[in-house]
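Subject: Structure handover

Hello,

Here is the structure I promised to pass on. Please open it and keep it beside this message as you read.

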Amino acid sequence: MTSVHIVGMGLAGALASWELLKRGAHVTAWDDATGDTSSNVAAGMITPITGQRLKPTWRGQELMEQASRTYEDIERHYGVVLRRDWRLRRVFRDAAMHDWFRRRFDGGEFDDYGVTEIHPGECDGVGYPYGGMKHGNVVTIDIPTLVRAVRTSVAWTSDPGPTSAIVDCTGYRALNDPLWSWLPIEPSKGEILDVAIPGLGLDEILTNGTWILPIGDDRYRIGATHDWDDHDPQPTEQARLYLLESAQRMVSQEIIVTGHRAALRPSTKFKRPLVGRHPHDHRHYTLNGLGTKGALQGPFAAAQLAACILDGVEPDDEINISRWHQ
Ligand SMILES: Cc1cc2nc3c(=O)[nH]c(=O)nc-3n(C[C@H](O)[C@H](O)[C@H](O)COP(=O)(O)OP(=O)(O)OC[C@H]3O[C@@H](n4cnc5c(N)ncnc54)[C@H](O)[C@@H]3O)c2cc1C
C-alpha cells in the first residue's frame, strides 16, 4: 500500500488526504498551527464571476462540477453539511464596471449563469448608483468542518517513519522551506469581520467588492481585504474601518462588530494552484497556491496531485510546478 505523509492540514492538506484515502493510500498527517490560518478564517465562497472586470472565473464550469462532486462525496462519507447555495447581488462601484457588465452581458459571456441586470436606483433597500447584477450559482463551503472531518481518517503524527511520498501543503509558509521557497507564492493578507446587523434581514450575499454574507439570525460576515505587503497575520484597525465603511455604503442599519480575524492566503499572481513533484527530491510533492479561489480550485488540484503520486501522471500544464523551477 502506498503511504503518504501530508504536512499542513488546511484545505489543501484535507483535500489531498481525501483524494489519496479514496484511492486506497495510507495517509499520515501533521499540522503545527498555533493561530488562525487561511483555511479557518475563509468564507469558502465560490462565485462564477469575480473582480472589477466581472470576469467568468478560469475553467469555472468544469471546476465547479468537480468541486460539487467532491464536496457532496465528503458530506455523504462523513455525514456533515459543507455546501450552501446562494444568490448574490452585486453593486457596481463605478461606471467602468457597468461598461464591463454591458460588454460581457451583451456578448453572451454570462449566459450560463442566470445573470439579471439591476438598473441604477434603489432595489430592496440598497442603492445601486451605477446599477448592478444578480445571479445564482454561488456556493459557500464550510472549510473548517471539512478539515475536521477528513482529519478523523488520517493517522496524526509528526514522525511517520519511511513513506512513499511526503506532500507539502503548508500554504504561504512553504516560502520558509528551502525545498519549496522557489514556488511563486505571493502571500496576501485577508481580514474578515463577524458582525450583527439588527433589522437587515438579508438572505442573499450582497457585494460591492466587500461582501456581506448572512450566517443566521442577525449575524453576518463581512470581508475580505487583500494586502500583499503586510505579512503580519494580526487584525488591523485600518482593515476593520475599510470593511465597515464599504459595507455601510450598501446598508443603512448599524453594524456591530463581534469578531475580527486575519490570515495570509497562499496566493499567486496567475491565480492557479501549484501541484507536482519536486524536480530533484522525488519523494516530495506539493499542493499549494490556492489563493482566493481555494474552495473552487482545491478539489481539481487535489485530484491531479493524487494521480501524480499514485499513477505517475504529470499534472495539467497550467498548474504543474515544473514550469516554475529554474
Ligand atoms: C479572510 C479570508 C477570506 C477568504 N475567503 C475565501 C473564500 O470566500 N473562498 C475561497 O475559495 N477562499 C477564500 N480564502 C482563501 C482560502 O482560505 C485558501 O484558498 C485556502 O484555505 C488555503 O488553504 P491551504 O491549506 O493551502 O493553506 P492554509 O490554510 O494556510 O493551511 C496551511 C496549513 O499548513 C500548516 N503548516 C504550515 N507550515 C507547517 C509546518 N512546517 N509543519 C506543519 N504544519 C504546517 C499551517 O498551520 C496551516 O494549517 C480566504 C482567505 C482569507 C484569509
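Below are the findings on domains, core and ligand shell.

Please note that this is a predicted model.

Nine residues of domain 2 and eight residues of domain 3 make up the contact. On the domain 2 side, strand S6 (residues 83-91) gives the most, with six residues. That side of domain 2 has five nonpolar residues, four charged and no polar.

Core. The largest nonpolar core holds 84 residues. Ile6, Ala16, Val167, Leu287, Ala302 and Leu305 have the most contacts inside it. Helix H7 (residues 294-311) supplies the largest share of this core, ten residues. Take Val167: leaving aside neighbours within four places in sequence, Val167 contacts Val4, Ile6, Val7, Ala16, Tyr285, Thr286, Leu287 and Leu305.

Ligand. The ligand is surrounded by 40 residues. Gly8, Gly10, Gly171, Gly190 and Gly294 are the closest. Helix H1 (11-22), helix H2 (38-41), strand S13 (188-196), strand S17 (256-265) and H7 each give two or more residues to this shell.

Best wishes

Technical notes
Residues are numbered from 1 along each chain as its sequence is written. This is a predicted model: local features need pLDDT of at least 70, side-chain atom pairs count only at pLDDT 80 or more; totals for chains, interfaces and linings use all residues. A nonpolar core is a set of buried Ala, Val, Leu, Ile, Met, Phe, Trp, Tyr and Cys residues joined through C-beta atoms within 7 Å. A residue is buried if 20 or more other C-beta atoms lie within 10 Å of its own, exposed if 12 or fewer, and partly exposed in between; C-beta atoms are placed from the backbone. Helices (H or I, at least four residues) and strands (E, at least two) are DSSP runs, numbered from the N terminus. Two residues are in contact if their C-beta atoms, placed from the backbone, lie within 7 Å. A residue is near a molecule or strand if its C-beta atom, placed from the backbone, lies within 6 Å of it. Ala, Val, Leu, Ile, Met, Phe, Trp, Tyr, Cys and Pro count as nonpolar, Asp, Glu, Lys and Arg as charged, and the others, Gly among them, as polar.
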